[in-house]
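Dear colleague,

Please find below the structure we discussed handing over. My notes on it follow.

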Amino acid sequence: TPPVAPFAISFDHEAARLEPEGPTLTRRMSDLEGLFADHEAWQAAVADGDPVVYRVQSSPVPEVDRELPQSITTIEPGTTGGELWMTKGHQHPNHQGEIYLGLHGAGGLLMYDGTRHEWIDMAPGTIGYIPPGWAHRSVNTGDEPYSFLAVYPGGAGHDYGWVLEHGMGARAYRTASGHELRPWS
Ligand code: S6P
Ligand code: ZN
């Protein structure tokens, strides 16, 4: 793929959209198999309408080495077996860093390096830094959609199997007063 020519991307903060548009990815509950601790609650949610859990909308910068793609993820509010709705989570196989910028709603950025986990509360204006080698998952901790902008190296790659194999170190649950992290189960 040849490098793209310079171009302007309009960042519609209110709508949480990038224009021009590249690919949009929609993840439904059925796409999150094996990720929630409560498998029966997950199955019930799939059977009960298989709701959209999150969408990822990208600008047209390709995911290839040395390019710098961006995307906006919007996670719907909800819980499954008490566990807050979240992204699948992945590791970058080439161990490259990434930044997230909170746009709307309340969320969390859970990171795990295979030994330790870290959590960053994400609000509009928060930049969450993901260092190389830390798997990352985003969580909606609020009761409205949570959106953030991600900027990442095009050659980073996305390893989803890593999370299935190693977990994320902790899980985020809804509580009466907000949310809490519990040890991985
Ligand atoms: C890409 C970046 C995000 C996620 C998106 C969805 O490196 O971290 O754009 O892809 O938030 O999460 P996931 O885990 O399904 O890719
Ligand atoms: Zn990433």
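This is a predicted model: local features need pLDDT of at least 70, side-chain atom pairs count only at pLDDT 80 or more; totals for chains, interfaces and linings use all residues.

A polar contact here is a pair of N or O atoms within 3.5 Å.

Tyrosine 160 has a polar side-chain atom 2.5 Å from an oxygen atom of ligand 1. For histidine 158, an N or O atom of the side chain is 2.9 Å from an oxygen atom of the ligand. Histidine 92 also takes part, with a polar side-chain atom 3.1 Å from an oxygen atom of ligand 1. Of the 400 Å² of accessible area that ligand 1 has on its own, the protein covers 97%. The ligand sits in the largest pocket. There are 18 residues around ligand 1, and those that come nearest are Tyr54, Thr73, Glu98, Tyr100 and Tyr160.

Next, the metal. Which residues coordinate the zinc ion (ligand 2)? They are His90, His92 and His136, each through NE2, and Glu98 through OE, at 2.1 to 2.3 Å. The spacing of these donor residues in sequence is H-x1-H-x5-E-x37-H. The site of the zinc ion has six donor atoms, with angles of 70 to 176 degrees among them, and is octahedral. Histidine 90 and histidine 92 are both buried.

Regards

Notes
Residues are numbered from 1 along each chain as its sequence is written. Chains are lettered from A and ligands numbered from 1 in the order in which they are written. Side-chain values use heavy atoms; hydrogens and water are left out. Donors are N, O and S atoms within 2.8 Å of the metal (3.2 Å for Na, K and Ca); water is not among the atoms, so sites may look incomplete. Four donors count as tetrahedral if all angles lie between 85 and 135 degrees; four count as square planar and six as octahedral if opposite donors are over 155 degrees apart and all others between 65 and 115; anything else is irregular. Buried means under 20% relative accessible area, exposed over 50%, partly exposed in between (1.4 Å probe, protein chains only). A residue is near a molecule or strand if one of its heavy atoms lies within 4 Å of it. A polar contact is a pair of N or O atoms within 3.5 Å; within protein, one must be able to donate a hydrogen and the other to accept it, and residues adjacent in sequence count only if both atoms are side-chain atoms. Accessible areas come from the Shrake-Rupley method with a 1.4 Å probe; for residues, only the protein chains shown count as cover. On a 1 Å grid over the protein atoms alone, a cavity is a set of points where a 1.4 Å probe fits but cannot get out, and a pocket is an open set with protein on both sides within 12 Å along at least five of seven lines; lining residues have an atom within 4 Å of a point. A molecule sits in a cavity or pocket if more than half of its atoms lie within 2 Å of its grid points.
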